[in-house]
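Please read them with the coordinates open.

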Amino acid sequence: MHMSEAERDAFLSQARVAVLAVTRPDQPPMVMPVWYRYVPGGGFQFTLSNDSARARMLHDIGRATLCVQEQTVPYRCVTVEGDIEMTTLETDTRETVLIDLASRYLGEDAGTKFALSIGEETEALITFQPHAWHTRVLADAGTH
């Protein structure tokens, strides 16, 4: 069974950890968990240290696959394939973006504390723009 677009958007709007996979030449895919924010009907955003090997790889390859899943019945998942765009967070917006993202997962107080503890490293804002969507609901899994 598949999700409607409205069901998919509601599912993705909840705080879930996504798994990002990037194909690498002559190596296994690189897979990483990411906290994200989602624009209904649109794309995903997350941050990485701008100087990290993961950020450099995403920049070089420019595309990825993202999977968001639910680990309890009805075992829903959304997988998207798309293009990556990277921009460096400017000093005046960096703190706001990091607090917004961390607060989505940790709540306002803990999210603010976590975001402010990240330090002074330069953050890249990754925008993931899907071009292919796949949804699945295994509502009856294990009930027969």
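The points cover the basis of the model, the sheet, the core, the salt bridges and a surface patch.

1. This is a predicted model, in which local features need pLDDT of at least 70 and side-chain atom pairs count only at pLDDT 80 or more, while totals for chains, interfaces and linings use all residues. Residues are numbered from 1 along each chain as its sequence is written, and side-chain values use heavy atoms, with hydrogens and water left out.

2. Seven strands make an open sheet, ordered β2-β1-β5-β6-β7-β4-β3, with antiparallel pairing. Strands (E, at least two residues) and helices (H or I, at least four) are DSSP runs numbered from the N terminus; two strands pair if DSSP finds at least two bridges between them. At the edges are β2 and β3, each of which pairs on one side only. The antiparallel strands β1 and β5 are joined by four bridges, and Ala21 has Thr65 of β5 as its bridge partner.

3. The largest nonpolar core has 29 residues, of which Leu20, Leu58 and Leu66 touch the most other members. Such a core is a set of buried Ala, Val, Leu, Ile, Met, Phe, Trp, Tyr and Cys residues joined through side-chain atoms within 4.5 Å. Buried means under 20% relative accessible area, exposed over 50%, and partly exposed in between (1.4 Å probe, protein chains only). Among the elements that each supply at least two residues of this core are α1 (5-13), α2 (53-61) and β7 (123-137).

4. Beyond its neighbours within four places in sequence, Leu58 has contacts (heavy atoms within 4.5 Å) that include Leu20, Phe46, Ile84 and Ile126.

5. There are four salt bridges in the structure, each defined as a side-chain nitrogen of Lys or Arg within 4 Å of a carboxyl oxygen of Asp or Glu. Asp9 and Arg8 form one, at 3.3 Å from N to O; Asp9 and Arg8 are both buried.

6. In the salt bridge between Asp100 and Arg37, the closest N and O atoms are 2.6 Å apart. Asp100 lies in helix α3 (residues 91-106) and Arg37 in strand β3 (residues 37-38), so this pair ties together parts 63 residues apart in sequence. Asp100 is partly exposed at 39% relative accessibility, and Arg37 is partly exposed at 23%.

7. Arg76 and Glu70 are joined by a salt bridge of 2.8 Å, N to O. Glu70 is buried, at 14% relative accessible area. A network of salt bridges links Arg16, Glu70 and Arg76.

8. Val73 is in the loop between β5 and β6.
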